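I am starting a notebook on one protein model. The sequence and the structure come first, and my entries follow.

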Amino acid sequence: MLVAMYDTGGDLSHPDLRTLDGQSRVVALWDQDQLGEGPPGFGFGRVCAPVETLCQHLDPLGHGTAVAGIAVSSGPQYRGIAPSADLVVASSSTFEGFVEALAWFRDVAEARAQPLVVNIS
């Protein structure tokens with residue numbers, strides 16, 4: 001299962017967004033506020049995939065990290081609703097790319113052949 005989240009971002013170093021052996025649960029991240037290369041077909045933002053080697057991303061407000069932890073944490077202290085799910089994140093400070101994020105989530109889920117659940121909080 002792939003859980004998608006459109007929020008303020010995610011602290012990629014947070015233990016709730018990692019497996020117990022330290023691997024990232026985030027399979028892709030689209031920072032819509034950064035300059036760079038966006039997803040294919042979208043002309044803005046910066047995509048990080050694979051997350052482990054390419055992303056330097058923080059969650060300035062912490063909200064996205066908290067929401068993601070509730071959804072997918074398999075961490076040592078807390079368990080999320082779907083602790084074995086993968087996570088794909090689109091972050092924005094303005095939330096003007098919402099429709100584009102939904103289309104990208106669908107594209108990622110289809111490419112990975114995973115069922116998709118979208119969290120919009």
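Entry 1. Arg112.
I looked up Arg112 first, and at 37% relative accessibility this residue counts as partly exposed. The cut-offs I use are these: buried means under 20% relative accessible area, exposed means over 50%, and partly exposed lies in between, with a 1.4 Å probe and protein chains only.

Entry 2. Ground rules.
I note that residues are numbered from 1 along each chain as its sequence is written. The model is predicted, so I take local features only at pLDDT of at least 70 and side-chain atom pairs only at pLDDT 80 or more, while totals for chains, interfaces and linings use all residues, and side-chain values use heavy atoms, with hydrogens and water left out.

Entry 3. Confidence.
I looked up pLDDT, the predictor's confidence in each residue, from 0 to 100. The protein has a mean pLDDT of 89, and 97% of its residues reach 70 or more. Confidence is lowest in helix H1 (residues 51-54), with a mean of 61, and highest in helix H3 (residues 98-112), with 97. I keep in mind that where pLDDT is low, the predicted coordinates should not be read in detail. Helices (H or I, at least four residues) and strands (E, at least two) are DSSP runs, numbered from the N terminus.

Entry 4. The sheet.
In what order do the five strands of the open sheet lie? I read the order as S3-S2-S4-S1-S5, and the pairing is mixed. Two strands pair if DSSP finds at least two bridges between them. Strand S3 (46-48) and strand S5 (116-119) stand at the edges with a single partner strand each, so one side of each has no neighbour in the sheet. On average, neighbouring strands of this sheet are turned by 15° against each other, direction ignored. Strand S2 (residues 26-31) pairs with S3 in the antiparallel sense, over three bridges. I also found that Asp31 has Arg46 in S3 as its bridge partner.

Entry 5. Helices on the sheet.
Which strands does helix H2 touch? H2 (residues 63-72) packs on the sheet and touches strand S1 (2-7), strand S4 (86-91) and S5, and its direction makes about 160° with that of S1. H3 packs on the sheet too, touching S1, S2, S3, S4 and S5, and its direction makes about 155° with that of S4. Contact here means heavy atoms within 4.5 Å. The axes are lines fitted to C-alpha atoms, for helices over the stretch in contact, and the angles run from 0 to 180 degrees between N-to-C directions.
H2 is mostly covered, with seven of its ten residues buried. I listed the buried residues of H2 as Gly64, Thr65, Val67, Ala68, Gly69, Ala71 and Val72. These buried residues pack against S1, S4 and S5.

Entry 6. Salt bridges.
How many salt bridges does the structure hold? I found two. A salt bridge is a side-chain nitrogen of Lys or Arg within 4 Å of a carboxyl oxygen of Asp or Glu. Arg112, from my first entry, meets the side chain of Asp86 in a salt bridge, 2.9 Å from N to O. Asp86 lies in strand S4 and Arg112 in helix H3, so the pair ties together parts 26 residues apart in sequence.
The side chains of Asp107 and Arg106 also meet in a salt bridge, at 3.1 Å from N to O. Asp107 is partly exposed at 29% relative accessibility, and Arg106 is partly exposed at 43%.

Entry 7. Aromatic pairs.
I found six aromatic pairs in the structure. Rings of Phe, Tyr and Trp (its six-membered ring) pair if their centres lie within 6.5 Å; planes under 30 degrees apart count as stacked, over 60 as edge-to-face and the rest as tilted.
The ring centres of Tyr6 and Phe98 are 5.7 Å apart and their planes stand at 55°, so this pair is tilted. The pair links distant parts of the chain, with Tyr6 in strand S1 and Phe98 in helix H3, 92 residues apart. Tyr6 is buried at 4% relative accessibility, whereas Phe98 is partly exposed at 28%.
Trp30 and Phe42 form a tilted pair, 5.3 Å centre to centre with 45° between the planes. Trp30 lies in strand S2 and Phe42 in the loop between S2 and S3, so the pair ties together parts twelve residues apart in sequence. Trp30 is buried at 0% relative accessible area, and Phe42 is buried at 17%. Ring pairs link Trp30, Phe42, Phe44, Trp104 and Phe105 into a cluster.
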